[in-house]
Structure formats: structure tokens, C-alpha cells
Amino acid sequence: MFILERTYDFSELVRHNVHTHSVFSNCAKPEMIPEEMVRAAQRAGLKTLVITDHSDPGDDIDTFAVYRELKKRMNAVQTPVRVLIGSELSAYGVGKYAEPEEVDRALDFASYSHVHYHLASWDQPADRSPRGYALHNLAVLTALFGTGRADHIAHPFSPTKMNFFNEEEKAATLSAISDAQLGDILEMGEKAQCSWEIHTPSFLRFPAFSRRFFNLGRELGVHFCLGTDAHSLASLDPTALAPRLAEIVR
Ligand SMILES: [Zn+2]
Ligand SMILES: [Zn+2]
């Protein structure tokens with residue numbers, strides 16, 4: 001399900017942050033209290049805030065319990081911001097998902113990570129070259145789109161968590177994906193009613209791929225949403241990034 005109308009206008013995309021972590025994620029700062037996050041979003045003039053706490057394979061987090069708790073607390077908050085409760089779910093291998101399908105469907109926003117390769121519980125490809133990872137990414141996403149589970153792909157193709165590769169090898173996992181392969185997978189996601197994230201840290205770090213990804217997506221008419229992967233209140237507001245992001249795709 002799409003939560004944002006199709007737009008390629010960065011001044012609009014930055015008003016909706018669909019990737020943020022609250023204190024229900026271990027990695028978030030203690031200041032990421034859900035009510036404080038909503039207040040910060042309101043101060044920044046955001047229209048949408050989506051809280052997407054981690055749901056990794058083998059963690060001891062009850063994703064559905066976190067969802068219910070956050071829903072209850074957010075219902076008590078008065079704000080003009082549209083607040084959605086999602087989760088950063090895990091497609092940790094081809095056809096492998098960390099949560100039962102009913103949990104995914106209950107969430108306001110099922111955002112899927114397919115690239116948390118730094119986790120011990122994540123499947124690695126048989127071919128551990130940059131090209132091997134590129135092909136693994138495509139296979140995991142193809143299987144995921146066949147399930148209809150995902151509303152969104154968090155940090156698509158991002159090699160930032162491939163800590164075993166240097167910067168050049170990380171970029172090579174992106175250049176190994178041809179325009180034809182990228183176009184096919186973007187269209188598959190669109191047919192599955194799944195939006196693609198403009199993940200601001202990765203988007204700025206790998207500009208050559210970002211330009212290809214965004215412009216091809218725009219040509220094909222896919223849905224994009226923007227996320228900062230905020231772990232602190234300071235990184236919750238993407239509005240100041242709009243000119244830099246627009247410059248990359250020019
Ligand atoms: Zn992530
Ligand atoms: Zn995240």
C-alpha cells in the first residue's frame with residue numbers, strides 16, 4: 001500500500017520522513033521518545049512521521065507488542081502531523097522473513113530492509129564478490145515482491161552495512177546492477193504497491209547510483225518516499241537536505 005502520492009519534487013518528499021527509530025530500537029538515542037519525536041516533526045513542519053523500529057531475525061523484540069504500545073501512545077498525542085507506526089522488517093535471505101505475515105499486515109507501514117548484511121543472522125550470498133551481493137539483493141527483492149508483504153523498501157541496495165567491503169567495493173555492488181536489472185526490479189516493486197526509499201545517508205554517499213536509481217524510477221513512474229534513518233532528534237528533520245538531494249539527480 002502506498003502512503004504518499006507519487007511525487008519527484010524534493011521540496012515535497014522532505015516533508016514526509018518514513019524512516020525513524022524510537023527508543024524501542026536499541027541503537028536510537030535515549031531522547032528518541034515517541035512523543036518527543038512527534039513534537040520535533042511538528043516543529044520542523046513535517047506532514048508525515050513514520051516510526052520504524054527494528055525487527056531483526058533472532059532478536060527478542062515482540063514487533064507486534066511494540067506496534068500496539070506505540071499506537072496507544074500516539075493516539076493520545078494531539079498533532080497535525082500524520083503519525084504512522086511501522087517497523088523496519090527483515091528480508092534476511094531469499095524468501096526469508098523475520099516476522100509472521102499477519103504481523104506485517106497489521107502494521108501501518110511494513111518497511112523492509114534487505115541489506116543488513118552486518119548481522120550474524122543475515123544470509124550471505126554464495127558468491128561474496130560485489131557482483132554476488134548485487135545479484136543476491138535482486139533475488140531477495142524479487143522473492144519479497146512475490147509475497148505482497150512490503151509497503152516500502154528501506155535503504156534499497158545500500159551497501160553501507162557491508163562492513164567487510166571498502167568504499168570502492170561497496171560502490172561496485174551498485175554499479176554491478178545494470179540499468180535493465182534496475183528498471184525491472186523498480187517496476188516489480190511498483191506493481192507490488194511498494195515504495196522505494198530515498199534513504200538520505202546512502203543517497204548522498206553514493207551519488208552515481210542515486211542519480212540512476214531516481215531518474216530511472218521517475219521515468220518508470222514508481223513511488224518514492226524519503227527517510228533519514230533518524231536515531232536522534234537532530235536527524236529527524238530532512239527539510240534542509242532538499243537542495244543537495246535535487247542537485248544529485250540533476
Ligand atoms: Zn536499516
Ligand atoms: Zn533504520
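Predicted model: local features only at pLDDT ≥ 70, side-chain atom pairs only at ≥ 80, totals over all residues.
Trainee: What makes a residue part of the lining of the second largest cavity, and which residues are they?

Mentor: A lining residue has an atom within 4 Å of a cavity point. Those of the second largest cavity are Asp53, His54, Ile61, Thr63, Val66, Tyr67, Leu70, Ile85, Gly86 and Ser87. Two or more of them come from each of strand E2 (48-54), helix H3 (63-75) and strand E3 (82-93).

Trainee: Why is this space called a cavity rather than a pocket?

Mentor: A 1.4 Å probe fits in a cavity but cannot get out, whereas a pocket is open.

Trainee: How do you know how its lining divides by class?

Mentor: Gly counts as polar and Tyr as nonpolar, for instance. On that scheme the lining has five nonpolar, four polar and one charged residues. Asp counts as charged, so Asp53 is the charged one.

Trainee: What can you tell me about the largest cavity, and which residues are closest to its centre?

Mentor: About 110 Å³ of space lies there. It has 15 lining residues, and Pro156, Ser202, Phe203, Phe209 and Ser210 are the closest to the centre. Strand E7 (195-199), helix H8 (200-205) and helix H9 (207-220) each give two or more residues to this lining. By class, nine are nonpolar, five polar and one charged.

Key:
Residues numbered from 1 in each chain as written. Chains lettered and ligands numbered in written order. Heavy atoms only, no water. 1 Å grid on protein atoms, 1.4 Å probe; cavity = no way out; pocket = protein on both sides within 12 Å on 5 of 7 lines; lining within 4 Å. Points joined across faces, edges and corners; volume = space filled by probe spheres on them. Helix = DSSP H or I, 4+ residues; strand = E, 2+ residues; numbered from the N terminus.
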